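Please open the model in your viewer and keep the selection tool handy. We will go from stop to stop together.

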Amino acid sequence: MIKLENFEAVICLKGSLPGKNFFDRSESSEVTVIAADGGARRLMEMNVIPDFIVGDMDSLKGYEGICDTKIHRDSGQDSNDFEKSLFFLRDRNIKKILVLGVNGGEIDHVINN
């Protein structure tokens, strides 16, 4: 079984994500939850608030200002939001990363992931 406390960070993409209980960080508060743009919308629909949202924010229309999450906006089109999230964590020297939501979304996103 995968447990959050085994990782430094988790990146949530736009695909299928585990249920809300998976993100209970009462015992693993050191884990940083990053939402790659579209993943933020999925998390917030489950009432899970990520620590950071990373990306160009094109998937968050209607969700702006809904929470106190730190936003790292990168509107560059040379990389996708998943890559931007990886770069964000790399720049913070975070290496033990769990990636969720790589499938179950749009087929071009699944292939790219």
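This is a predicted model: local features need pLDDT of at least 70, side-chain atom pairs count only at pLDDT 80 or more; totals for chains, interfaces and linings use all residues.

Residues are numbered from 1 along each chain as its sequence is written, and side-chain values use heavy atoms, leaving out hydrogens and water.

**First stop: the largest core.** Select V10, C12, F23, L43 and L100: these touch the most other members of the largest nonpolar core, which has 15 residues. (Such a core is a set of buried Ala, Val, Leu, Ile, Met, Phe, Trp, Tyr and Cys residues joined through side-chain atoms within 4.5 Å; buried means under 20% relative accessible area, exposed over 50%, partly exposed in between, with a 1.4 Å probe and protein chains only.) At least two residues come from each of β1 (9-12), β2 (32-36), α1 and β5, with α1 giving the largest share, three residues. Helices (H or I, at least four residues) and strands (E, at least two) are DSSP runs, numbered from the N terminus.

**Next, F23.** Beyond its neighbours within four places in sequence, F23 is in contact (heavy atoms within 4.5 Å) with L4, C12, P18, L43, M46, V48 and L100.

**Then the second core.** Pick L13, I34, F82 and F88, which are among the eleven residues of a separate core.

**Last, two asparagines.** N47 sits in the loop between α1 (38-45) and β3 (52-55), and its phi is near 60 degrees. N47 counts as exposed because its relative accessibility is 58%. Move on to N93, in the loop between α2 (81-90) and β5 (97-100): here too phi is near 60 degrees, and N93 is exposed at 51% relative accessible area. Most residues other than glycine have a negative phi.
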